[in-house]
Every structure is written in C-alpha cells, then in structure tokens.
Amino acid sequence: MFQQRGTILVTGANGGLGSAIISQLASSPELKAYDGIFIVKNASSATALRSALKAPRLRAVLRSHEVISLDLSRLSSVRKVAAAINTRVSSGSIPAIRAIILNAGYEEFGKQTWTNGLDMAFTVNYLGHWLLTLQLLQSMDRDKGRIVWISSWAQNPQDRHNVMNGAFNDAKHKVMISDDLEPLAKGTWSLDEDDRTNWAAGYRRYGASKLCAVAMIHELQRRLNQDPLLNNISVLAVDPGGMATGIARHTPWFVRVVVFLFAGILGSLLVRLFPNGTWRTPQKSARDVLAAALDNGPLPLTERPKGLYLNGSELGDYSSEAKDPNKGRVIWEGTVRYARLKRDETILQNWQ
C-alpha cells in the first residue's frame, strides 16, 4: 500500500484538516517507517496539533516527527526553513521527502491585508508554498516523490457552488488570469473596497490563490517531466470538500450556520451517503489526502499519478484556466518574479 521509509511534510498541521491528517498518521501502522515534518505558523500555540500528537499510538507508528514554526507570508522565513530541511536530508539526519502536502490556508472576510505589497491570501496559500516546494525539490524522493496541493471549489468560477453563491456573477470576475499575474498577486483583481457583501471579495481572492496552485499540476509537472533528475515526481491536487474547520469559523455568520449544520452535525451521515459530495468530515478528507500522497491505487491513483485533480477520492473537474498552458506560463513567470527565485535556490533545470 505505502512505500516504506521517507519523510512526510505537512503544512498547516494545526488546522482542522491538517490535524486530522496527523491523527490519521497516528492510526496507520503502514507508516511506521516514515518521519514527519509538521509545519505550523506558531508551534507554541498549535493546540490542535498537540492534541493529535498526544495520541498514544503516534509514537509507536511514525519513526520520528518534529514541529516547525513557519509564517508562509514571510518569504525570508520560507527560505530559512527550506535550507534547514535540505541540510538535514543531505546529512542523512532524516530520509528524503516522500510527500509534500501543501495544506496551509488563509482566507479574509471583511478586510484585505498585504505583505510586502502582495495580497496575503495569494502569498500564504500559493507563493509561500511554491517557494518552499521549489527549494525542497533537491530533498525529494526522486523515484516516488509527490507534491499534493490542497484545492477548493473556489478556484473555479463556473463550479456549481460558485454559481449558487453568486461570488463570480460580475463579468470581470469570471476570468482570473490575464496576461500578467500582478492583479492577483497584489489583490487588485478583487478589492474589498469594491465589495458590498463583506465576504465575496475575500472569497474570490482565496479562489484565485487556489487557481494558481491548481495550475501547478500542469505547469510544475511539465517542468519536472523535462528534468532528468526529477521526472518521476508527481504533482496533484485534492479538493477536500466543505468541512467544519478553522477557515469556516472566520466566514460570515450565515455561512457558519450552513457549515455547522451540514458539515458539523450532519457531516458523518452525508459522507456515508455521498462520500465525495459537498459536505465532508476532516477525517474522511484526511484519508483522501494521504491516499493521494502515498497510495498507488485504486484508480485514478497509480504509481505515478501525475497531473491528477481529485475531488476527494475520485477524479474532479476544475477551472479551464488552470488547464490552459499559456495561462500556466503567465502564472509561473509572475511567481518567479514575486518570489525572487534565484538559480542557486532550486535544482529544477527549467525554473525560469
């Protein structure tokens, strides 16, 4: 089922889905030869992760684990953490990275903030993750390594959930990527000051950051496929569905009521009836994410599940913009520019 030996890296390990992933690791004897790196914004206040780590079976399952503090909005910190992990892998202190699970998420409602002139959601959800991944490529298992982006239906304006909520009704918001990444990177594509709803602008910015991430299952995968050292690494994305997690607690009150009712009270029942439906439990989605990161089947998963977009445990549909190679190049070139990536920071040959 799982390949033995390797490191599993999870960002956002203190969130609802992240801590569920850690709990799933704690109950999976198949993972006893793996090491864990669990990344949180602030290790001293990671209460959900600490609770998951207290599971009595965890110490008997994972070979070792460590918790690392990292603010993904600070690219200098991303560089330091990536360098430290690379040093540990190259020295043999920990094994090569078998899976990178890019789970950390940030969404704003009723406010808009920036970091170094860039939209906060764009930086945390996408840019920081992208930079971390590009720097850690040198430490990945070059035969079986996988990079898993956690997605959302917010990335696709045509998704039925977005048609119903009306967030993308305005014609100017139906297309996210133009000929330059700047409007998304700086948040001007969906400004809070132009929003009368107090939620839609932030939701659109969150969706735009997820679109950039999903585009990497093609654009990053294409570049990896061309690389003689890295061409066995797979990039895929998973939509975990609607869950009662930390992000949901920051949504407008009427959204919280719906999430509490369907994902909270009725979540377990709905998952049994509709395993990949709108509403799911963090536990079910954690199993799907770990399967995407480590399993070789059943279909659609294979030994090298390159370029897959999964809705839970099945193939899912996603934005046509993420599939467009021209828009993929726009996203990539803008990302390199805003991350200020340099040649000596990644082993990817075709990085520019």
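Predicted model: local features only at pLDDT ≥ 70, side-chain atom pairs only at ≥ 80, totals over all residues.
Contact here means heavy atoms within 4.5 Å. Residues are numbered from 1 along each chain as its sequence is written, and side-chain values use heavy atoms, with hydrogens and water left out.

**View 1. H8 against H13.** Cys212, Ala215, Met216, Glu219, Leu220, Arg222 and Arg223 of H8 touch Pro325, Gly328, Arg329, Ile331 and Trp332 of H13. By class that makes seven nonpolar, one polar and four charged residues (Ala, Val, Leu, Ile, Met, Phe, Trp, Tyr, Cys and Pro count as nonpolar, Asp, Glu, Lys and Arg as charged, and the others, Gly among them, as polar). Helices (H or I, at least four residues) and strands (E, at least two) are DSSP runs, numbered from the N terminus. The axes of H8 and H13 (residues 325-339) come within 9 Å and cross at roughly 95°; axes are lines fitted to C-alpha atoms, for helices over the stretch in contact, with angles from 0 to 180 degrees between N-to-C directions. H8 and H13 are therefore roughly perpendicular, on a scale where under 35 degrees is roughly parallel, over 145 roughly antiparallel, 65 to 115 roughly perpendicular and the rest oblique.

**View 2. H5 against H13.** Here the axes of H5 (residues 120-136) and H13 come within 10 Å and cross at roughly 85°, so this pair is roughly perpendicular too. H5 brings Tyr126, Leu127, Trp130, Leu131 and Leu134, and H13 brings Ile331, Trp332, Thr335, Val336, Tyr338 and Ala339. The contact has ten nonpolar residues, one polar and no charged.

**View 3. The largest cavity.** About 50 Å³ of space lies inside, and the count is one cavity of 30 Å³ or more. On a 1 Å grid over the protein atoms alone, a cavity is a set of points where a 1.4 Å probe fits but cannot get out, while a pocket is an open set with protein on both sides within 12 Å along at least five of seven lines; lining residues have an atom within 4 Å of a point. Grid points are joined across faces, edges and corners, and a volume is the space filled by probe spheres set on the points. Asp119, Phe122, Pro183, Leu184, Gly187, Trp189, Arg205, Ala208 and Ser209 line the largest cavity. H7 (182-185) and H8 (200-225) each give two or more of the lining residues, and H8 gives the most, with three. The lining splits into five nonpolar, two polar and two charged residues.

**View 4. The second largest pocket.** This one holds about 310 Å³. It has 14 lining residues, and those closest to its centre are Leu75, Asn116, Leu118, Tyr338 and Arg340. H4 (75-91) and H13 each supply two or more of the lining residues. Sorted by class, the lining has four nonpolar, five polar and five charged residues.

View 5. Most residues other than glycine have a negative phi, and most peptide bonds are trans. In the loop between H11 (282-294) and E9 (309-311) sits Pro298, joined to Gly297 by a cis peptide bond with omega about 0°. Pro300 is in the loop between H11 and E9 as well, and the bond from Leu299 to Pro300 is cis, with omega near 15°. Asn198, in the loop between H7 and H8, has a positive phi of about 75° although it isn't a glycine.
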